[in-house]
Amino acid sequence: MRIKKSRENIIFDIIVYGILLGMGIMTIVPFLQVITISLSPQEELAKYGMHILPQKITWAGYERVLSYGPIWRAYLNTIIRTVSGTALSIMVLILGAYALSKPYFPHRKFWTLIIVFTMYFSGGLIPRYILVNNVLKMGNTLFALIIPGLASGFNLIIMRNFFSNISLSYEEAAKIDGANHFQILRHVYLPLSKPIIATVSLWVGVGHWNEWFDSMLYIRDENKQVLQFVLRKLILEGTSVEEEMAAGTQIFVNSDTMKMAALILSMIPVLMIYPFLQKHFVQGLKLGGVKE
Amino acid sequence: MKQRNNMKKGISLVLVIALLMSLSACGKTTEKNPAEQTQAETKTETNQVQTEQQKPTPKEDPVVIQIVTSAQPDPDAKVIKAVEEKYNVKFNWDWVVDGKKFNEVMGVKLSSGEMPDFVMLPDSGDINKYIKQGLAAEITPEMQAKIPTYFKVVEKYDENKNMWVDAKRKGKLYGLKPISSQGAYPTVLIWRTDWLKNVGINEIPKTLEDFEKAMYAFKEKDPDKDGQPNTYGLSETGFDAVFGAFGAIPLKTLGKGRQVLFITKNEQGELAFACTRPEMKEALAKLQQYYKDGIIDPEFVTGENKGGYWATSHAFINGRIGVTGKVLPTHWNPPYDKDSQGGAVYQEMLAANPNAKFGETFDIGTAITGPHGKAGLHKWGAVNSNIGVFTTKCVQDERKTNAILQLIEDTFTDYDFYLLLTKGIEGIHYTKNAEGKLVRNAKDFPKDNDLRKEGVYLLELLQQPEFRKQALPDYYEFIEKYNGPGYADEMYPKTESYSKNISALERLTVDTYMSIITGEKPVEYFDEFVDLFYKNGGTAIEQEMNTQVKENLGQ
């Protein structure tokens, strides 16, 4: 049976698709501009107007970026940070969420409250810096970038809610078969919660990939800086007259082609991972949000 | 019930732990400071003993000096090693603060209880804050007496006699200002000389009358000979020529970026805003006429620069407009010799127009003289906006201050030492060519950053303008050729009402200027604007600034 579309429905569809199309264009156009600039020679860029499609193609920008040492070092640092940060984070989140999801966990409400509390209030930048740098002595190490954000309250609650939806009967059945909590978590919960793990990994991973402020704050050694911070420096170089006055000399200018090529190179890994995790994404969000 | 009791217990436990932790944290800081102080005291004591014997024994441990930097050098950089040996010090570069977010990062690091010894603040307007926080220490007359050459050299460049207004508080000096010698030269206008020739003008205009003729011809006589009416006379940066011809440069830019309002001295010799001066009304009337007649590029609203290096005018490079400004000659210089590449914008111009030639297609011109005989373009001013500060931690240890002061003084008196700090080691970082010019080893160190890693630039704490001229003869010979009249920015203290009101006033000014130029509002609106400007904080800022200057200088 086909449902006949009423006129309102059609108008509604047109509006919705119109808005979605508009949003799509707003996202795609700047992206195309970046790609085009990264491929165009300088004389093309100096021309007026948008650069949506490349008129002439040159790989000079990419060649220069790829031969620029600090970017490779920073790339590696970011990969190490993202992979180890995400893995550790997910491990901690799973363990925490598992415990919090059990109705028989002693003082469950209190512990949940403490975690929710961190979602509303935080100590702020200065106490965090003192804690990480002075108390934990993590300054200038990779740990300063990974440990402070290891377990975010929001992710933990989302994951806990997902775990709470898994029927306790599974656990009882596993217990009868002689499984302990670690075995239950490993063999029952993990296979059932792939969507939420994929979703949260994506959040945490992309967060690590894009983060630069903590690198600026904690890391002193240029060889330990992350990619986004190096990129930021590269792109902001030469954009203000004050900088030149203070330097007292003309600064070396990176061409826009090189800057955008660097941007594209930094985007590729995230772009490649996204499609594989996307199918879990919607499902994970939906399931984590609702608690019966 | 039981659960609630447990919860109470839990909460009180957490509170107690928090209390204990905060107490122990307090204890730590209070314990640490006196310890540091006594250490510092013993150090100064031992130091005094040694200064009595005149020469410190070579076995004495080097004193550690922390200087704030934006990027760490290699730990065993030769330049730094050489300086360390010279002064028996050890530099520590753990204070890395990114220049683009300086105050934010600096604030966080300071609040954690650490302090460097010497720091270059990017904006001298912030020094108030750092004095209040107890970071900036007074540079006492005794300390000043140790760097006589520094004062002698920099004060020569202080043409407005105002370089210390924001470095001093109640007559006491809190910071040392660097000089950027190229800022002492005015910005210039860049002309399409081929366009001028095509419309029958053989000389770069010098008066407003001739300027106008050229502008109208650029619009009407098809200067690029493509048969299309697609050219304009000037755009946003060219306004400076018109404003200057009437007697002042009102603000940094009408386009994107922060539109800093410039301060000048009025007839009474007091600091005052330039944008409200009556001459500006005349200039705006001129620009309104130009806009009406279509000789101003309508895209001036968004500026000439479309991204990338700030000094590039894309409107000019693409042949939309025939004159551009707000740049130094050295942005546009052709290569001096086979070892150099030419100015940054010169290179972009050639990339976009491979057949362009300096002197034929484009050339550099100076200020335009107006109907009342006034002329001038904007000048950055030789006195930089940043400022070098000794911290209160540093001045506790005389060895540190003496070493830093001696380093500054030596930079100003010893040319070879200056070269070591700014060019590196001969044979490694640079070589001398047949004419005796210094040529950077661009093969191993293509970027400034590569040299910075090697320790070059880092220890030139304050720039020595005269040695810089000596080391870069071509650069200054070229810039000197186009020296002309200019309006230099006055230094002024950023007072309380300045910080409170300035952004609203900036907006008001830009809106007014824009709407008068585009003809949205009549020129008479300028009087109303002046009124509004002074009612909304302009008066307070001017008064506070002038009293603050007197107070700062201890008059």
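Predicted model: local features only at pLDDT ≥ 70, side-chain atom pairs only at ≥ 80, totals over all residues.
Trainee: At what angle do the axes of helix 6 and helix 13 of chain B cross?

Mentor: Two packed helices are described by the angle between their axes and the distance between the axes. Helices are DSSP runs (H or I, at least four residues), numbered from the N terminus. Axes are lines fitted to C-alpha atoms over the stretch in contact, with angles from 0 to 180 degrees between N-to-C directions. Here helix 6 (residues 148–156) and helix 13 (residues 398–413) of chain B have axes that come within 8 Å and cross at roughly 55°.

Trainee: Which residues of helix 6 of chain B meet helix 13 of chain B?

Mentor: Contact requires C-beta atoms, placed from the backbone, within 7 Å. B:Thr149, B:Tyr150 and B:Val153 of helix 6 meet B:Ile408, B:Glu409, B:Phe412 and B:Thr413 of helix 13.

Trainee: How is chain A divided into domains?

Mentor: Domain bounds come from an automatic or database domain assignment. For chain A, that assignment gives domain 1 (7–58) and domain 2 (69–289). Seven residues of domain 1 of chain A contact seven residues of domain 2 of chain A. On the domain 1 side, helix 1 (7–39) and helix 2 (42–45) of chain A each supply at least two residues; the largest share, four residues, comes from helix 1 of chain A.

Note on methods
Residues numbered from 1 in each chain as written. Chains lettered and ligands numbered in written order. Contact = placed C-beta atoms within 7 Å.
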